[in-house]
Amino acid sequence: MTLNRWEVSSDSLRARIDPDQFTFTTTEELVPQDAVIGQERAVRAIDFGLHIQDRGYNIYVSGVPGTGKNTIVKSMIKRVAETQPTPDDWCYVHNFQDPDRPKALNLPAGKGREFQRDMERLIGALQAELSRVFQSKEYEDQRRHLEETFSKARDSLTNQLEEQAREYGFIIKSTPFGMAVVPVVRGKPIEAEQVEALDARTRDEIERKQKNLHEHIHTLVQQIRSLREEMHQKVAELDRQAAHFTSEHAFDSLRKNYRAFPKVMDYIQAVQQDVLENFKDFLPEQETPIRIPGLEIESPRKSMIRYAVNVIVDNAGTQGAPLVEEGNPTYNNLIGRIEKKGRLGTLYTDFTLIKTGSLLQANGGYLLLNVLDVLRSPFTWDALKRVIKNQEVKIEDIGELYGVIASAGIKPEPIPVHLRVVLIGNPLIYYLLHAYDEDFGKLYKVRVDFEMERHRDADAPLQYARFVGRICREEGLLHFDRTAVAALLEQTSRWANHQGKLSLRFSELTDLIRESSHWAHSEGAARVSRRHVQKAVEEKNYRSNLLEQQIQELIAEGTLMVDLSGAIVGQINGLSVYELGDFSFGRPSRITARVFLGPSGIVNIEREAKLSGRTHNKGVMILSGYLGGRYAREIPLSLSASLCFEQSYGEVEGDSASAAELIALLSALSDIPLRQGIAITGSVNQRGELQAIGGVNEKIEGFFAVCKARGLTKDQGVIIPSRNLKHLMLNDEVVEAAASGQFHVYAASTVDEAMEILTGHPAGDLQPDGKYPAGTLNAAIMKRLTDMNEKIRAMEADRPRSIRASSLEPLDESLTE
């Protein structure tokens with residue numbers, strides 16, 4: 001039987017890119033373009049998300065790594081952000097009414113630092129001016145005049161009291177405890193003991209006069225106290241007038257610059273009021289406190305820090321709206337934090353220790369986050385949702401927020417925000433968040449999907465060539481000639497596993513460009529050609545294929561048993577793929593089937609040993625459906641069979657070996673041997689049709705490598721589903737071997753076609769009489785199943801009736817009715 005009708009021509013084993021379609025000699029001649037390649041759906045979605053202004057239209061960018069998500073998203077955001085207004089600066093200042101709740105002020109971009117410098121100059125000028133005024137001769141003269149007026153009035157009242165005391169026969173003496181009244185008898189003051197020695201009449205007279213004199217003293221003290229209070233009020237008014245006169249000009253100049261900002265004007269008014277009330281804080285200290293190394297002692301005066309301006313968002317250097325990419329989105333990095341300092345064993349804080357986070361830095365613009373990083377960081381996801389929902393950032397100590405630390409702290413005024421959050425992640429996280437977070441769909445209404453591949457239309461080759469030229473210019477690499485660009489495009493088709501498509505994983509393409517340039521440079525070549533691209537691919541494979549070579553050595557030396565010649569009943573070479581990070585390779589595995597009498601059906605040994613995955617189990621179960629539908633129309637399917645991956649000690653997953661398992665089983669049933677030089681891959685459905693599978697290129701190349709190591713016989717090859725033909729992008733070595741007849745690739749659509757290739761016998765179609773033509777595979781299988789069924793019936797007939805009755809007794813009593 002000829003196999004030519006199923007053999008795939010060498011031209012169809014790999015899609016070739018004709019370098020002559022390019023009009024350039026090297027990519028140096030091409031004008032670079034910044035257009036996005038092959039992501040029209042994503043670009044439209046991003047553009048929509050960036051321009052719609054309604055709430056909740058934040059963006060989730062979904063796609064696999066390497067498709068250029070970050071680069072494309074950032075470039076599009078930058079273009080839009082440049083056309084938008086620059087947002088305000090934000091500052092925190094002292095709240096003079098409630099010091100624990102600092103106030104937030106917003107000013108146009110660049111004015112925040114300007115206001116901070118103006119306040120610093122204001123306080124510095126007030127310190128200098130107030131010190132000068134309160135140390136001036138004019139001020140000292142006015143204050144001395146007030147004090148002298150008070151002293152004269154006090155002395156006059158004291159003299160009057162002393163005169164009256166002399167008239168009463170007393171003198172006034174000053175003591176540490178106040179004024180004392182001492183009686184005078186015969187011109188001499190007497191002590192209390194001497195008064196007691198006087199006669200009763202004299203004592204009574206002295207006590208009466210003393211009592212009257214005490215009343216005059218009390219009145220005098222009240223008058224002096226009133227005079228002192230009056231003097232203090234006049235001194236305070238003098239001080240206030242001096243402070244007001246000195247500071248008014250400075251505050252007027254400050255108000256003139258910020259008249260358009262009501263909240264700033266209110267703050268300036270509060271500062272002026274506090275300065276007038278606490279002007280002494282601006283004067284030099286009379287005593288210098290002792291400095292102890294390592295020990296900070298706070299001055300009893302209020303700190304000048306209360307007049308500081310803490311600029312937490314400075315957009316002075318921002319052109320348009322800001323774009324902030326937070327690479328480490330912890331709670332503090334995203335929301336902000338309130339730092340603390342230590343003093344005398346305790347922690348303290350103030351509004352100058354408030355630090356901003358990425359959300360405030362991106363206020364009025366765009367914040368770019370990796371969703372996986374956000375979810376990994378404790379408290380960050382919930383905090384981000386609160387900000388988006390409430391449209392404000394509330395900087396709080398995380399310990400106080402969650403009750404971990406119970407300490408009094410400041411509570412800054414929340415700052416309103418308006419920004420667009422862009423999350424970058426993979427599709428799985430998007431589906432999980434949409435399913436388990438009820439707020440996610442309301443907050444992230446724009447989904448951006450990045451594709452992994454694109455169709456190879458007429459414009460694609462030149463677009464990729466321009467991309468190559470741009471990378472070479474930006475990174476100083478050697479430029480590529482037409483053959484090298486064609487080789488790159490063929491490799492992207494290999495990555496896409498499709499002859500009509502190109503991969504959009506530009507990170508891998510960029511790496512290949514760099515490595516190809518390296519090998520060309522190492523040769524001293526002036527530009528990169530096709531052989532340098534092939535060299536880069538081969539070298540990368542060599543760096544990764546240690547395990548593949550070790551397995552091939554085991555097969556070559558016979559440790560892993562794989563037959564590559566002859567024909568054996570019930571034995572076939574299946575193909576599997578091993579994926580090791582960014583490298584994958586194929587290898588053959590011996591699959592065997594044994595058929596014998598019994599009612600067990602098909603036994604999957606891998607499943608019984610718990611080495612079979614769910615998909616593989618499904619594939620084996622489909623075999624029963626195929627056998628029953630094809631061969632058990634007239635007779636019951638009575639057989640026992642076992643299937644096994646020989647020398648397989650790990651889990652078997654996937655259904656790409658189901659065709660091989662079925663063919664091995666059919667070979668065992670028909671007793672017709674299978675050619676061992678031909679391997680097969682493909683899944684099968686219940687109708688016997690071969691279905692497409694993944695990793696077809698790796699599987700073919702893996703089997704070819706084993707055959708090459710043992711020696712090519714011109715009879716070896718691989719059967720693949722015909723639906724996989726468009727996925728073929730085999731390496732040049734396999735294509736050349738196929739072109740020279742050393743190796744073959746066959747495409748089959750059904751199990752019958754694959755059986756004909758492997759056995760050389762016709763499969764045979766079902767005739768109108770319900771039988772298969774004699775001499776065909778299906779006829780042999782049908783005959784074997786019929787014989788097995790008759791033998792089982794004969795065995796049942798020979799068994800005692802009681803045993804047969806018990807074995808045939810139905811499990812459900814209702815079946816006997």
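Mentor: Start with Asn257. Neighbours within four places in sequence are left aside here, and the contacts of Asn257 are then Lys111 and Asp118. This is a predicted model, so keep that in mind throughout. Asn257 sits in helix H6. Is Asn257 buried, exposed or partly exposed? Its relative accessibility is 42%, so Asn257 counts as partly exposed. Now look along the chain. Asn257 and Asp118 are 139 residues apart in sequence, yet their C-alpha atoms are separated by 9.6 Å.

Next, move to helix H3. Gln116 is found there. Gln116 has a relative accessible area of 16%, and the limit for buried is under 20%, so Gln116 is buried. Which residues does Gln116 touch, beyond its neighbours within four places in sequence? They are Val309 and Val311.

Now the core around this part. The largest nonpolar core has 49 residues. Within this core, Phe115, Leu130 and Phe134 touch the most other members. Several elements each supply at least two residues. Among them are strand S2 (89–93), strand S3 (103–107) and strand S4 (170–175).

Take Phe134 as a close-up. Leave aside its neighbours within four places in sequence. Phe134 is then in contact with Tyr139, Glu140, Asp239, Ala242, Ala243, Phe279 and Leu283. A second, separate core has 47 residues, including Ile591, Leu643, Tyr746 and Met788.

Three strands form an open sheet in the order S3-S2-S7, with antiparallel pairing. Which strands lie at the edges? S3 and S7 do, and each pairs on one side only. From one strand to the next, the twist averages 35°. S2 and S3 run antiparallel and are joined by five bridges.

Cys91 has 0% relative accessibility, so Cys91 counts as buried. Cys707 is buried too, with a relative accessible area of 0%. How many disulfides does the structure hold? The count is zero.

Lys280 lies in the loop between helix H7 (262–277) and strand S7 (310–313). Is Lys280 buried or exposed? Its relative accessible area is 54%, and the limit for exposed is over 50%, so Lys280 is exposed. For a sense of span, pick Ser10. Lys280 and Ser10 are 270 residues apart in sequence. In space they are 97 Å apart, C-alpha to C-alpha.

Five strands form an open sheet in the order S8-S13-S16-S1-S17, and the pairing is parallel. Its edge strands are strand S8 (323–325) and strand S17 (446–449), each pairing on one side only. Neighbouring strands of this sheet are turned by 20° against each other on average, direction ignored. Look at one pair inside it. Strand S1 (residues 59–62) and strand S16 (residues 420–425) pair in the parallel sense over four bridges. Ile59 stands opposite Val422 in S16.

Finish with a helix pair. Helix H16 (residues 482–496) and helix H18 (residues 530–544) have axes that come within 7 Å and cross at roughly 35°. Which residues make the contact? From H16 they are Thr483, Ala484, Ala486, Ala487, Leu488, Glu490 and Gln491. From H18 they are Arg530, Val533 and Val537. The residues of this contact divide into six nonpolar, two polar and two charged.

Methods. Residues numbered from 1 in each chain as written. Predicted model: local features only at pLDDT ≥ 70, side-chain atom pairs only at ≥ 80, totals over all residues. Heavy atoms only, no water. Axes fitted to C-alpha atoms, helices over the stretch in contact; angles between N-to-C directions. Contact = heavy atoms within 4.5 Å. Nonpolar A, V, L, I, M, F, W, Y, C, P; charged D, E, K, R; others polar. Buried < 20%, exposed > 50% of the residue type's maximum accessible area, 1.4 Å probe, protein only. Core = buried A, V, L, I, M, F, W, Y, C linked by side-chain atoms within 4.5 Å. Pairing = 2+ DSSP bridges. Disulfide = S-S within 2.5 Å.
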